[in-house]
Amino acid sequence: MPEIAYVNGEFLPLERATVRVEDRGFQFADGIYEVVRTYGGKPFATDAHLARLFRSLEAIEIKVSATAEQLTSIIEEGVKRSGFAEAIVYLQITRGCAPRHRGMPKDAKPTIVMTVRELPVRAMKLTANGIAVITLPEFRWARCDVKSIALLPSVLAYQAAKKAGASDAIFVQEDETVNEATAGNVFLVSRGRLRTPPKSTHILAGVTRDKLLEAGRAAGIEAAEERISKSDLYAAEEIFLTSTTSEVAPVVTVDGKQIGTGKPGPVSARIYEQFARMFIRA
Ligand code: PDD
């Protein structure tokens with residue numbers, strides 16, 4: 001099965017896809033992205049992802065002529081060409097090419113790039129056993145609600161987690177407020193209640209997060225969007241991270257401390273089951 005790329009109107013094999021050196025995405029990380037997955041060959045929650053993509057574009061003043069309908073067709077066409085049933089679609093829009101200067105160029109045409117790759121099943125099996133995470137002081141920028149391609153802090157945090165023998169890192173503010181993981185939102189279960197930090201400029205408003213809250217409530221579990229502190233994390237009965245790629249990743253240790261029984265918990269499983277029933281198998 002081929003891995004597919006799309007660059008400014010053209011579909012081509014991934015290994016042949018290129019962008020120019022003076023693309024502002026390459027020079028300044030001046031762009032935004034989205035990651036959409038498929039279930040059984042069908043892109044999941046494209047509308048929510050594209051709504052967020054347009055919010056990100058607006059926040060950084062990139063104007064694209066492509067509409068949500070056109071981007072949806074590009075995604076669907078890419079998935080079809082790839083033939084993958086379980087695919088990860090990466091869509092990136094940058095400010096385009098211009099001689100290197102910080103000022104926003106007036107007439108640059110935004111670059112639209114997409115890749116379609118198979119989703120490795122291996123990763124899903126790994127998270128089923130639960131993962132270890134560490135906490136790190138928040139050191140990203142103040143607009144984490146924008147899905148910026150500037151991911152260096154996230155890369156460094158992920159590397160720090162790996163060095164510590166963990167799978168991911170959770171960013172925590174100076175006042176101990178928990179934000180999110182390097183590529184996922186944080187949920188915890190405490191006294192049977194589901195809690196996740198409220199939407200703000202400190203976190204990305206995850207599409208999976210919203211669906212999980214909906215699934216939790218549908219499963220009869222009280223779900224609150226409220227501040228979580230680092231000590232709440234340590235004392236939680238269950239913790240999990242959510243994202244498009246990992247769906248629900250149970251966390252079994254934080255900073256080496258065991259969470260709950262040290263195994264993926266029953267409430268997480270119940271919510272995931274409801275999520276699958278409502279959105280995957282529907
Ligand atoms: N990341 N928070 C951050 C910082 C993220 O990068 C992501 C997703 C999320 C979860 O968002 P969603 O549920 O919409 O996927 C939260 C994608 C998957 C990535 O960067 O690969």
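How many salt bridges does a search of the whole structure find? The search finds 18 salt bridges, a salt bridge being a side-chain nitrogen of Lys or Arg within 4 Å of a carboxyl oxygen of Asp or Glu. The model is predicted, with local features needing pLDDT of at least 70 and side-chain atom pairs counting only at pLDDT 80 or more, while totals for chains, interfaces and linings use all residues. Residues are numbered from 1 along each chain as its sequence is written, and side-chain values use heavy atoms, leaving out hydrogens and water.

**View 1. The open sheet.** The sheet is built from 6 strands in the order S2-S1-S6-S5-S3-S4, with antiparallel pairing. Strands (E, at least two residues) and helices (H or I, at least four residues) are DSSP runs, numbered from the N terminus; two strands pair if DSSP finds at least two bridges between them. At the edges are strand S2 (10-13) and strand S4 (42-43), each of which pairs on one side only.

**View 2. Strands S1 and S6.** Strand S1 (residues 4-7) runs antiparallel to strand S6 (residues 111-118), and 4 bridges join the two. In S6, Thr115 stands opposite Ala5.

**View 3. Helix H2 on the sheet.** Helix H2 (residues 46-59) packs on the sheet and touches strand S3 (31-39), S4 and strand S5 (87-94); contact means heavy atoms within 4.5 Å. The direction of H2 makes about 175° with that of S3. Axes are lines fitted to C-alpha atoms, for helices over the stretch in contact, and angles run from 0 to 180 degrees between N-to-C directions.

**View 4. Arg52 and Glu34.** The side chains of Arg52 and Glu34 form a salt bridge (2.8 Å, N to O). Because Arg52 lies in helix H2 and Glu34 in strand S3, the pair ties together parts that are 18 residues apart in sequence.

**View 5. The two domains.** The chain is assigned domain 1 (4-118) and domain 2 (131-280), with bounds from an automatic or database domain assignment. Their centres, taken over C-alpha atoms, are 26 Å apart. In the contact are 23 residues from domain 1 and 18 residues from domain 2. Between them the domains bury about 1,600 Å², 68% of it on carbon and sulfur atoms; buried area is the accessible area (1.4 Å probe) that two parts lose on being put together, summed over both.

**View 6. Arg37 and Glu247.** The interface of domain 1 and domain 2 has 1 salt bridge by the rule. The side chains of Arg37 and Glu247 meet in a salt bridge (3.7 Å, N to O). On the side of domain 1 that touches domain 2, S3 gives the most, with 8 residues.
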